[in-house]
Amino acid sequence: ISAFTNTVGVGNSAVIWIDAHADLHTPFTSPSGHMHGMPLAAMLGLDNNANSNVVPQDEVLESWEQIKKAGNGSKPKLLPQHLVFIGIRDLESQEWDLIHKHNIKYFTPEYINEVGIESVVMEVEEYLKDVPYWYTSFDVDSLDPSISEGTGTPVPGGLNQAQGHTSFGYFFEHEKTKCFEIAEINPLLDRKNAMAKFVVELLQGVLQ
């Protein structure tokens, strides 16, 4: 994301985060201390000191500052109004507080089931209509565990197969999408390689 926004400009870039998790923790709030739960807070340049319940070590804070300034040394790398969450459902209170404080757009599985995934992608299209370049991250734990057993952080109540196909295909093929990543497939946790096969199916649907 740093490389992407450094290239096209912070004001010209949006991030669409299809995930069960918001990844908005910081070293001051993370219950685990794991960096994989912090990337978007880093890109937004947020410490969330108002919700601090952890005292990080000095070396952690030094690394945190380096990550926030990755690339050209500037921060933030992303504007809150240019971030959209799809499928989030497993968040701590500190993350929800940032979402509400900065009015970050999000779509829960409950809302998706209520209005339909087609309506959601159209809402995203309208919301980001003035942002020319999109970065989409598709985390497989956005999917329901009945599909996404092969991931380290499965969460019940996720996207079903049809919703996964629609959201994946729409953003993969969208003309504004310039970067697309697929995250967190773990073959060691998979059952008969089912997760990897489903992602291959998703890719085949957009590449053929």
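The model is predicted, so local features need pLDDT of at least 70, side-chain atom pairs count only at pLDDT 80 or more, and totals for chains, interfaces and linings use all residues. Residues are numbered from 1 along each chain as its sequence is written, and side-chain values use heavy atoms, with hydrogens and water left out.

**Stop 1: the largest core.** Select Ile16, Ile86, Val124, Leu128 and Phe171. Of the 27 residues in the largest nonpolar core, these touch the most other members. Such a core is a set of buried Ala, Val, Leu, Ile, Met, Phe, Trp, Tyr and Cys residues joined through side-chain atoms within 4.5 Å. Buried means under 20% relative accessible area (1.4 Å probe, protein chains only).

**Stop 2: Ile86.** Stay on Ile86 and show its surroundings. Beyond neighbours within four places in sequence, its contacts (heavy atoms within 4.5 Å) include Ile16, Phe107, Val124 and Phe171.

**Stop 3: the second core.** Now pick Ala41, Phe85, Leu91 and Ile104. They belong to a second, separate core of 24 residues.

**Stop 4: the largest pocket.** Select His21, His25, His36, Gly37 and Glu92. Of the 17 lining residues, these lie nearest the centre of the largest pocket. The lining divides into one nonpolar, eight polar and eight charged residues. A pocket is an open set of points on a 1 Å grid over the protein atoms alone, where a 1.4 Å probe fits, with protein on both sides within 12 Å along at least five of seven lines; lining residues have an atom within 4 Å of a point.

Notes:
Buried means under 20% relative accessible area, exposed over 50%, partly exposed in between (1.4 Å probe, protein chains only). Ala, Val, Leu, Ile, Met, Phe, Trp, Tyr, Cys and Pro count as nonpolar, Asp, Glu, Lys and Arg as charged, and the others, Gly among them, as polar.
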